[in-house]
Amino acid sequence: MVGQGDADRGREPEATVADRLRRAQDTLSPAERKIARALLGHYPVAGLESTSGLAARAGVSAPTVVRFVVRLGFGGYREFQQSLRDEVQERRASPLTLAPMIADASRTSELAEAAAEVGRTAVTQTFEALSEKDFDQAIALLSDQAHRITSFGGRFSHTLAQYFGLHLRLLRPGTTVHTQLLGGDSGFLVDVGHQDVCVVFDLRRYQRDTVELARYAHGRGAKIVLITDPWLSPVAEFADVVLSARVEAPSPFDSIVAPTALAEALIAALYARLGTAAARRVREADEAATGLTVE
């Protein structure tokens, strides 16, 4: 049966402040865009400041900030800040604090039903909140073959970086997957610069070495495409493109189902954008691998 402590875990998650910002970004006024940039640039800390503090950070008036949060759907600044405080707790969640959706007496059918429902909801919400502008910007960076592309992630998210990087390598030249260890590839540290795009996968709990490697690459002039969760890795503070995916799971461990679906959407769009060049490269790679696969 479903675990007693899991009503909250099984509930459909509410949109984060960052989700609301992305959905509203095309309708924001110039002053509101300043507030949005200030929030996302120091998320969620900037929103926990006073109205005058956030206003000063954004270069707008305090009443403009209040009107802005109401526009996002909050009853006022206090409700807006409470939502951010709740997000801070979500960011800190771990397998030790997340309750599973099933109990040890649950039938297999209940597990399958719970897993399917959570997975469907996570993927659906991920793509409903996806910013077309940000997605298109990511594809523009990834398809520009003047750029070298390096993918990397953390302890678990590095698996996504490897999966994504293997596909990129089939689609275009100049791609690699970085080692997980900061300083593990000194050549990358020396070479990274303005010609590079780093695709960073960082899901809660965010890893210091992943964040610092991304920060180092950004400081050297590399463009950063971040794939993260709705609560936003610290990499979002300096990333050029931020794409988020839901990570809810039936277990106490965060899921990579929706982040994988998002990565696969990028791969599909990149294949379409590169056109015949990608198709030719995939065909040549398949021919080169003849004999490696089992018919």
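A pocket, found on a 1 Å grid over the protein atoms alone, is an open set of points with protein on both sides within 12 Å along at least five of seven lines; its lining residues have an atom within 4 Å of a point. This is a predicted model: local features need pLDDT of at least 70, side-chain atom pairs count only at pLDDT 80 or more, and totals for linings use all residues. Residues are numbered from 1 along each chain as its sequence is written.

**View 1. The second largest pocket holds about 540 Å³ of space**. That volume is the space filled by probe spheres set on the grid points. The lining has 20 residues, and the closest to the centre are Gln25, Ala36, Arg37, Leu40 and Asp134.

**View 2. Helix α3 gives the largest share of this pocket's lining, 5 residues**. Helices (H or I, at least four residues) and strands (E, at least two) are DSSP runs, numbered from the N terminus. Two or more lining residues come from each of α2 (17-24), α3 (30-41), α8 (132-143) and β5.

**View 3. An open sheet of 5 strands runs in the order β2-β1-β3-β4-β5**. Its pairing is parallel; two strands pair if DSSP finds at least two bridges between them. The edge strands, β2 (175-177) and β5 (241-244), each pair on one side only.

**View 4. Strand β1 (residues 148-153) pairs with β2 over 3 bridges**. Serine 151 stands opposite valine 177 in β2. Helix α9 (residues 158-171) packs on the sheet and touches β1, β2 and β3 (196-202), where contact means heavy atoms within 4.5 Å.

Note on methods: Side-chain values use heavy atoms; hydrogens and water are left out. Axes are lines fitted to C-alpha atoms, for helices over the stretch in contact, and angles run from 0 to 180 degrees between N-to-C directions. On a 1 Å grid over the protein atoms alone, a cavity is a set of points where a 1.4 Å probe fits but cannot get out, and a pocket is an open set with protein on both sides within 12 Å along at least five of seven lines; lining residues have an atom within 4 Å of a point.
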